[in-house]
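Dear colleague,

Please find the structure below, followed by a short account of what was found in it.

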Amino acid sequence: NAEYMGVIHKMSTKIFEGIKAHVAGGAGPSLVQKVQAVFQFDISDKPGTSWVIDLKNASGDVKQGKAEKPDATFTMTDSDFVDVCTGKLNPQVAFMQGKMKIKGNMRAATKFTPDLFPSPSKL
């Protein structure tokens with residue numbers, strides 16, 4: 001229902017904002033050194049909603065919008081994104097079930113794991 005989807009959309013936005021605060025709060029440089037990739041997330045059930053997590057340039061950045069040249073682009077629904085981030089859905093299972101589509105460099109994509117950031121409950 002629409003109310004539930006509104007809550008999920010707020011949760012995914014909160015997760016991206018939490019990742020942004022984590023990267024900006026001093027974790028950026030070490031994440032950039034470790035990951036060396038730019039990720040784009042396209043939320044398939046919210047047309048026009050994309051986020052960029054840049055863990056390649058300067059001290060990292062997270063922003064709404066599209067990346068010029070993402071190393072890997074993940075496409076999934078809002079609720080599947082939230083489930084992957086909260087540990088309810090294993091990323092490999094999501095990929096195999098077609099709930100998460102990945103375009104681009106698969107090696108870079110495998111570097112993006114939920115354990116790079118504090119759990120959403122701590123953000």
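In β2, F39 has I53 as its bridge partner. Strands here (E, at least two residues) and helices (H or I, at least four) are DSSP runs numbered from the N terminus. The model is predicted: local features need pLDDT of at least 70 and side-chain atom pairs count only at pLDDT 80 or more, while totals for chains, interfaces and linings use all residues. Residues are numbered from 1 along each chain as its sequence is written, and side-chain values use heavy atoms, with hydrogens and water left out.

Strands β1 (residues 37–43) and β2 (residues 50–55) run antiparallel and are joined by six bridges. Both belong to an open sheet of five strands, in the order β3-β2-β1-β4-β5 with mixed pairing; two strands pair if DSSP finds at least two bridges between them. At the edges are β3 (61–64) and β5 (101–104), each pairing on one side only.

Helix α1 (residues 2–35) packs on the sheet and touches β1, β2 and β3, contact meaning heavy atoms within 4.5 Å. The direction of α1 makes about 20° with that of β2 (axes are lines fitted to C-alpha atoms, for helices over the stretch in contact; angles run from 0 to 180 degrees between N-to-C directions).

Yours sincerely
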